[in-house]
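Subject: Structure handover

Hello,

Here is the structure for you to look at. My notes follow below it.

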Amino acid sequence: MERYYQPEIECASRDQILAWQNERLVKQVKHVWDSVPYYRKKMEEKGVEPGDIKGVEDLCKLPFLTKDDLRDAYPYGLLATPLKDCVRIQSTSGTTGRRVVAFYTQHDIDLWEECCARAIVAAGGTNEDVCHVCYGYGLFTGGPGLNGGSHKVGCLTLPMSSGNTDRQLQFMVDLGSTILCCTPSYAAYLAESINERGLRDKIKLKAGIFGAEAWSEEMRRDIEKSLGIKAYDIYGLTEISGPGVSFECSEQTGMHINEDHFIAEIIDPETGEVLPDGSKGELVFTSITKEAFPLLRYRTRDICVLSRKQCSCGRTHVKMSKPMGRSDDMLIIKGVNVFPSQIETVLINMGMPANYQLIVDRVNNSDTLDIEVEMTPEMFSDTVAQVTNREKELVSALKSMLGIYARVHLVAPKSIARSEGKAVRIIDKRKI
Ligand code: DLL
């Protein structure tokens with residue numbers, strides 16, 4: 001029974017890991033300096049040259065990259081290899097302005113899939129498993145990443161993609177799926193459908209690999225109980241490759257970061273100062289092995305804590321906590337990235353005032369978004385039919401901007417509380 005497990009890497013000594021990181025970082029900085037004029041300029045502005053970076057302890061000399069840089073440099077400005085060497089792009093679910101597009105050489109794909117394979121093995125996966133992947137396929141990294149990892153492990157891979165619950169359940173029963181890969185909210189929905197249809201005895205699932213959105217320990221326990229499985233968290237982001245940047249082991253107390261490929265730092269989101277392990281702050285990644293899209297000091301905006309406490313699984317790679325929130329205002333609703341600014345754009349374009357509130361909730365383990373929008377005083381005298389019509393128009397405009405359904409409620413002028421400081425636009429009732 002061949003298992004895609006690399007103890008010589010995943011359980012390497014801390015000295016060995018640091019030695020790999022030092023060597024790879026120096027090489028990567030030179031590669032970026034030589035091939036990415038955008039980042040070279042940033043380094044020059046900070047007065048840093050490749051020779052100044054001798055190892056991980058010099059990382060803090062490098063400038064940060066942010067999502068704004070990715071947007072400025074869209075589409076090819078951060079590409080570090082000739083286009084002829086790239087074989088794939090993936091993209092984020094962001095829908096306004098410029099999307100973030102990440103490039104991969106075949107080597108990058110291999111390493112990314114290797115990271116996903118490690119996650120599957122850590123969840124107990126072997127070549128005897130039937131791995132049911134219902135993350136979305138296409139531009140989203142979830143489907144392609146776990147699909148590739150599953151191949152590497154040698155599982156029988158079911159490339160289901162998301163949606164069509166009847167078909168998901170039929171294949172799950174008929175083919176005897178043993179590992180389920182999807183967002184936690186979809187896993188909860190599938191669990192509910194399985195139990196409603198009395199299929200619990202007919203499924204063979206033993207583990208789930210769930211991520212791409214925030215989920216609580218309570219939700220983990222619910223899913224584990226209703227499906228009779230062990231549920232593992234997996235984290236990642238398109239900019240840094242996709243799922244598999246980090247993953248949980250059987251201890252389920254944080255996700256091991258694949259430190260042979262990514263250097264993690266925690267910074268103070270306000271000042272950019274590097275914080276010691278154990279501090280809560282913004283997670284920053286440097287990819288040290290990627291060829292086509294190697295980001296140095298990329299600010300994820302995810303707020304986490306890193307821990308180097310010894311793990312009983314034997315892995316020595318640093319663990320990150322579940323993201324506790326984001327330092328920007330991005331919401332993740334039903335796995336889709338939603339920015340309040342996108343909503344504001346739609347409202348203003350449709351002639352509505354910018355007085356609105358977003359109420360995000362989780363009902364039956366599925367996210368809901370309600371938007372209260374103040375009417376203008378002129379609209380307030382409209383008939384009920386006119387108001388209903390306007391709400392419908394807004395729902396449809398928001399759907400095409402965000403890609404998800406939001407309920408819209410037009411409310412009386414001046415009925416939404418004003419704030420003297422920053423406007424409080426978001427009420428997130430999800431207990432995460
Ligand atoms: O969500 C990649 C992924 C796919 C991860 C499948 C895991 C499984 P993006 O669409 O670029 O990539 O979104 C990245 O999602 O910065 C986090 O804010 C959030 N996120 C990802 N995984 C988790 C997780 C994919 N396990 C953004 N818990 C990240 C909480 C997560 N948030």
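How are α2 and α3 oriented to each other? They are roughly perpendicular to each other, a label given to angles of 65 to 115 degrees, with under 35 roughly parallel, over 145 roughly antiparallel and the rest oblique. The axes of α2 (residues 14-35) and α3 (residues 37-45) cross at roughly 110 degrees and come within 6 Å. From α2, the residues V29, V32, W33 and S35 make the contact, and from α3 P37, Y39, R40, M43 and E44; contact means heavy atoms within 4.5 Å. By class, six of these residues are nonpolar, one is polar and two are charged. The nonpolar class is Ala, Val, Leu, Ile, Met, Phe, Trp, Tyr, Cys and Pro, the charged class Asp, Glu, Lys and Arg, and the others, Gly among them, are polar. Axes are lines fitted to C-alpha atoms, for helices over the stretch in contact, and angles run from 0 to 180 degrees between N-to-C directions.

On provenance: this is a predicted model, in which local features need pLDDT of at least 70 and side-chain atom pairs count only at pLDDT 80 or more, while totals for chains, interfaces and linings use all residues. Residues are numbered from 1 along each chain as its sequence is written, and side-chain values use heavy atoms, with hydrogens and water left out. Helices (H or I, at least four residues) and strands (E, at least two) are DSSP runs, numbered from the N terminus.

Next, helix α10 (residues 340-349). G351, which follows α10, has a positive phi near 80 degrees.

Last, the aromatic rings. There are seven aromatic pairs, counting rings of Phe, Tyr and Trp (its six-membered ring) with centres within 6.5 Å; planes under 30 degrees apart are stacked, over 60 edge-to-face and the rest tilted. One of them, F103 with F293, is tilted, at 6.0 Å centre to centre and 55 degrees between the planes. F103 is in strand β2 (residues 101-105) and F293 in the loop between β11 (280-287) and β12 (298-307), so the pair ties together parts 190 residues apart in sequence. Y76, F103 and F293 form one aromatic cluster.

Regards
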